[in-house]
Amino acid sequence: MLRGMFTTLKALFEKPVTIQYPEQKRPVRVRYRGRHELKRYDNGLEKCIGCALCAAACPADAIFVEAAENTDDERYSPGERYASTYEINMLRCIFCGFCEDACPTEAIVLEHDYELAYTDRASAIFTKDKLIVKVPMGGSPTPQKTEPGLYTRSVPEMKDPVD
Amino acid sequence: MEKRVNLTIDGRAVSVPAGMNIVDAAKTVGITIPVFCHHPKLKPVGMCRLCLVDIGRPQVDRATGAAVLNEDGTPKIAFGPKLETACTTPVSEGMVVWGATEKVMAARKDILEFLLTSHPLDCPVCDKGGECPLQNQTMEFGSADSRFLLDEKSHAKKHFSLGELITLDRERCIQCARCVRFEDQIAGDPVIGFYNRGRKLEIATYSEPGFDSIFSGNTTDICPVGALTTNDFRFGARAWEMKHKPSVCNQCPVGCNITYDVRREAKSNGKTVIKRIMPRQNEEVNEIWICDKGRFTYAYAESPERLTQPLVRKNDELVPVSWDEALQTASEKLQAAGKSVYALVSGRLSLEDLYAVKTLTNQVKGKISLYANMGGGEWVTRVGMTPGSDLSKLEKGSTILVFGSDLHEEAPIWWLRVKQAAERGVTLVNASARKTRLDLFASFNLTYAYGEEEKAVRELFEASSDAAKAVSGAANLVVFMGSDGMGQAQTTALAGLIAEGLVKTSHFGKPNNGLIPVWQTANEQGAYELGILPDETMADGISATMALYVAGADPAAENPTLREAMQKAGCIIVQDLFLTETAKMADVVLPTQAIMERDGTMVSGERRAQKFGAAVPAARNTKADFEITSVLLEKLGGEKLPANAEELYTLLAKKESNFKTVSFKALSETHEQSPLMGRNEVYYGGTGYANDFGLGVTLPLVTGENGMPRKTLMPDVVKPTRNQRLALPVTHLYDQSKAVHASLLKDRIANTLSLHPEDAEALKAENGALVTLKFGNAEYEQKVTVSSDQPKGTLLVTRNCGLPVWQPEAVEIVVNTPTTERGAL
């Protein structure tokens, strides 16, 4: 029994394993797959071109995309096509990251947010305005009015991802 | 017996008809030789070079002409030093083809690499992605990476409009010329072509408005890349996201087989909507083509003007009520009218709808009449097309007579097939009162004066002119009968006259012989097959009835006489999609469903019964026509009709003698068609769909004694007085109907009125002048065009364009705009 008490006493002086969530948060790994974000280019244009390859790759059928055509007066993304509707049903999502792999423009990224709780099924569907990141410094929000002939390519030149 | 040729492809013995090319021959045994420019419906050109194969032919001793043999006795095969194109090389006896050797595979890989040097990386945003032959063949035969630099790709205009319907992406074009060849060889509209050469080669349109062809949508199907896309589908959905719902087009009596591609859409609040219409292969009806009217008119079903509530007249106003109340009111009115019930149905309804209305009128012992501006279908049931008929099987020695119809405007796919037949050597006799597009392809062009159709028909079947000899002496004779400038009385007589002629020359009752009526609605022939005929005393019948029951027709807008009669009717019950002129006069209005929202069957002008299926959920609070009629029938104490179209058709087939031998199952039967098309063959023919829904069945002819017309006489048309002109109804493809108005075609709607230049000069009316037409007490204001294609003294009036020219009428024309002020047209 003494030995048992000693173990307890020893634990009293050790650094606690538990943390005070939600005040305290443990950092996640770099490659952690949390909630999706739709990225923007530095100038504020959306990276997503509405190709729906993420929806095709999704094994849980959680993504729904509808596309529309860009014009120079109302430009959301480079090229001709952008996503007019983009929805992810987080209840369905299994966070496998296939959508990230399928994306030809690196628009969808599974980031580090894991605090996903909902009070009903409808609020589990994340629409485009929830998923898309803020306009970066120096960029302007979409839709933008752009010069004709400036953004003709949908798929940018990219290097292989390093991380 | 056709000559057959034996050859070896990839070590397999193949026996095919002489004249076939190697690509098609390989296809018959399931060997794939990839192609881009070759299309089984087009003449080969050998432009893309993808089909290169190694071809060897038996060596022949030049001196003796005998085959050179190897030591073991087999014929010695001489291979060419270079690869040859399989699509331009016809098969020959003893030929040996190697289609998968290292040399061939290397050549394919190189060709694909060259094609891709200038092809943009658009697959993620391209509408063709997922059903693209270039994508598929690159995956199958191409190289994984390119040795060319991305920066050096040549860039061209990405969004180049070829008119309201088609957009061209010049970067994606691989210069196969399928679209150019289709328009030239098949559609007969050489309005697009190549411009420049080499890398700078691009597709350009030469017409005004751009890409002025009524078959333009087909080029987007056969385009092997995403260069040509339709404007209404552009970025609408990815190919794999859509469900394919087979159906039949209801825009004209041809009955083209189509597929609705549907998808749920957030923009439409999660409703399933039609994203595009694609052709479905039926070699005996529409092959793999559909016209632009069939392809682009589907948005009307989504129109906010659709009726979504039953309406009942209370205190002289139509107010929305529940279905129960509306049906109760309607049935009470029908009950009260009893024997005097008068039902008016049109060919817009399916067989099931027509049968239900017929049963209802039988129940109350009332009358039923077909509302149509053409007549004579009763003769078509006796001398029409028979099982086994196929216009594409007509060969030299046979004759096609087109009488009083501008097929190009009235039934585009029939025009296409008649044109092809004429090019195959079939004698084409085109009898018309004005110039039409068919004149170019006809062996004999006969012009008669409007009103003298009887004389023209008699001469064709009785006289000894060359044209008449071609008609009466034909091995097979097919007659297309139209209603150009004719009303119901005239066309009924015309059908009788032609039927008499067909009987006299015994061109009926055998395959590929008989009369094809060019009806104005899709299922008009179906009504005749059910024994529903137009009532000659329709106006009297309507004015005498206590309850007029109108389904799928709008007589108030089209026929002033009937409108007057309707005002005298006791009460009017109308079933329609929209609040039409007729519905506005009604006491009870019942909202129905559009063709894409329900099931049913139709009979085409060629007497082919075909089924169609629902593609999208029905608009809220609507019922199919037969469902409404069934409820009314039950309320009137009649039998309970089956609740779905299939069972109702089965009942109908049991009761109606013309359908006895045609079961619903038979309508669903398919067989292998040539050329092979469809989803597994995308690299071959484009994105048309294979047919697994049913090819339809041609109804057997009605036989029996004393059923043939005798000594038919055509009623005279009105004689215009000195200051009047003869107004004649004609059909244009893009009319003012709701279906066209709600589609992309709205900018191409035909002009309503047209005058001969001499008449225009006499009236001092310039092209585009605003004129007022006076007939009876009514006046109508319209723009007029001037055209020398029509005879002097006539005013051609487009049907479905708001003018009640139901039959030839005498009208007075007053010009509103002075000649000095030029019209805006």
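Predicted model: local features only at pLDDT ≥ 70, side-chain atom pairs only at ≥ 80, totals over all residues.
Where is A:P143 found? A:P143 sits in the segment after α4 (128-131) of chain A.

**Chain B overall**
- Chain B holds 25 helices and 35 strands.
- Its radius of gyration is 29 Å, close to the 28 Å that the globule rule gives for 825 residues, so chain B is as compact as a globular protein of that length.
- The C-alpha trace of chain B spans about 95 × 65 × 65 Å along its principal axes.
- Of the 825 residues of chain B, 53% count as buried.
- Take the contacts in chain B between residues at least 6 apart in sequence: 73% of them join residues at least 24 apart.

**Domains of chain B**
- The domain assignment gives chain B domain 1 (4-100), domain 2 (311-372 + 528-641), domain 3 (379-520) and domain 4 (724-815).
- The centres of domain 3 and domain 4 of chain B, taken over C-alpha atoms, are 26 Å apart.
- Contact between these two domains of chain B involves 15 residues of domain 3 and 15 residues of domain 4.
- On the domain 3 side, the elements giving two or more residues are α10 (407-410) and α14 (488-504) of chain B.
- That side of domain 3 of chain B has five nonpolar, four polar and six charged residues.

**A buried strand in chain B**
- Strand β25 (residues 572-576) of chain B is largely enclosed by the rest of the structure, because five of its five residues are buried.
- B:I572, B:V574 and B:D576 point one way from β25(B), while B:I573 and B:Q575 point the other way.
- β25(B) runs parallel to strand β24 (residues 547-551) of chain B, joined by four bridges.
- In that pairing, B:I572 is the bridge partner of B:L548.
- Four bridges also join β25(B) to strand β26 (residues 588-591) of chain B, again parallel.
- Here B:V574 stands opposite B:V589.

**Nonpolar cores**
- The largest nonpolar core has 216 residues, and B:V345, B:V479, B:I498 and B:L515 touch the most other members.
- Beyond its neighbours within four places in sequence, B:V479 is in contact with B:L401, B:F403, B:I498, B:L502, B:L515 and B:I516.
- Another core lies apart from the largest one and has 31 residues, among them A:A52, A:C93, A:C99 and B:C123.

**Where chain A meets chain B**
- 19 residues of chain A are in contact with 15 residues of chain B.
- On the chain A side, α2 (53-57), β2 (63-69) and β3 (81-89) of chain A give two or more residues.
- β2(A) supplies the largest share of that side, five residues.
- By class, the chain A side has 10 nonpolar, four polar and five charged residues.

**Backbone details**
- The peptide bond from B:E208 to B:P209 is cis, with omega near 0 degrees.
- B:P209 lies in the loop between β10 (202-205) and α5 (217-222) of chain B.
- A:A52 is not a glycine, yet has a positive phi of about 65 degrees.
- A:A52 is in the loop between β1 (36-38) and α2 of chain A, and is buried, with 26 other C-beta atoms within 10 Å.
- B:K365 is not a glycine either, and has a positive phi of about 60 degrees.
- B:K365 is in the loop between α8 (351-364) and β18 (367-370) of chain B.
- B:K365 counts as exposed, with 10 C-beta neighbours inside 10 Å.

Conventions:
Residues numbered from 1 in each chain as written. Chains lettered and ligands numbered in written order. Domains from an automatic or database assignment. Contact = placed C-beta atoms within 7 Å. Nonpolar A, V, L, I, M, F, W, Y, C, P; charged D, E, K, R; others polar. Buried ≥ 20, exposed ≤ 12 C-beta atoms within 10 Å, placed from the backbone. Pairing = 2+ DSSP bridges. Rg over C-alpha atoms; globule rule 2.2 N^0.38 Å. Core = buried A, V, L, I, M, F, W, Y, C linked by C-beta atoms within 7 Å.
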